[in-house]
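Subject: Structure handover

Hello,

The structure is below, followed by notes on what was found in it. Please read the notes alongside the coordinates.

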Amino acid sequence: MLKKGRRGSKLKKLTALIITDLQNDFMPSGALPIKEGEAIIPIVLQIAPLFSHIYTTQDWHPNNHVSFAINHGKRPGEIIEIHGKSQILWPVHCVQETLGADLIPRLQRIAIEKKIYKGENPLIDSYSAFFDNEKKKSTGLNEYLKKRGIQKLFFSGFATDFCILYSIKDAIDQGFIAYVIRDACRAMNKELLDETKALVAMENYGAVIILSREISSYL
Ligand code: VGL
Ligand code: ZN
């Protein structure tokens with residue numbers, strides 16, 4: 001009985017794949033390229049059929065966004081303080097309604113149930129799929145998932161050391177079981193060990209770090 005249930009579709013419905021920020025601007029030719037970013041595309045396409053619920057996030061900034069170095073007369077990589085929190089400054093990226101902010105074209109092949117947009121407030125940056133960095137506004141993802149009884153979240157996409165890290169913490173804080181599909185993610189790695197540090201931090205926070213080939217044993 002139990003075995004049957006495990007294989008059946010009922011439990012599978014309680015799981016979801018979240019693909020974060022798989023957008024043109026984070027690709028090698030984009031405004032804020034992530035090293036080896038293109039390497040995760042075939043992996044994401046390969047694992048997508050394992051899930052009956054797939055959600056994407058998109059970084060979706062206005063031109064006057066606080067995270068853009070140029071808006072402070074500074075250079076990308078510099079760090080400033082905003083509302084008592086340190087803010088890394090980025091090149092202009094993922095501006096609303098631009099090609100760079102679009103999901104990569106190959107994601108059109110998969111059935112995305114809902115697209116989540118983040119980083120729209122010009123005054124606050126927003127790495128997590130759930131909340132802005134000051135936890136002032138929800139993207140609606142938590143409420144949406146809770147309504148549908150989804151309990152397990154598998155994360156893929158960019159960037160392991162920003163969006164994924166922040167999303168995992170919020171997911172766990174909100175009671176989800178959270179998995180990081182390590183080979184389906186890539187990091188900014190501003191500093192050499194940022195990816196490793198993020199993975200350790202997520203594991204310590206309660207996330208399960210897995211590889212794409214192991215997914216079926218966790219569904
Ligand atoms: C992100 C850098 C700039 C992210 C967003 O969500 O990972 N990283 N904007
Ligand atoms: Zn951004």
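Three residues coordinate the zinc ion (ligand 2), namely D59 (OD), H61 (NE2) and H93 (NE2), at 2.0 to 2.2 Å; donors are N, O and S atoms within 2.8 Å of the metal (3.2 Å for Na, K and Ca), and since water is not among the atoms, sites may look incomplete. This is a predicted model: local features need pLDDT of at least 70 and side-chain atom pairs pLDDT 80 or more, while totals for chains, interfaces and linings use all residues. Residues are numbered from 1 along each chain as written, chains are lettered from A and ligands numbered from 1 in written order, and side-chain values use heavy atoms, without hydrogens and water.

The spacing of the zinc donor residues in sequence is D-x1-H-x31-H.

Around ligand 1 (heavy atom within 4 Å) are several residues, among them D21, D59, H93 and C163. Polar contacts (N or O pairs within 3.5 Å):

- D21, polar side-chain atom to a ligand 1 oxygen: 2.9 Å
- H93, side-chain N or O to a ligand 1 nitrogen: 3.1 Å
- C163, polar backbone atom to a ligand 1 oxygen: 3.0 Å

Regards

How values were computed
Polar contact = N/O pair within 3.5 Å; in protein donor to acceptor, adjacent residues only side chain to side chain.
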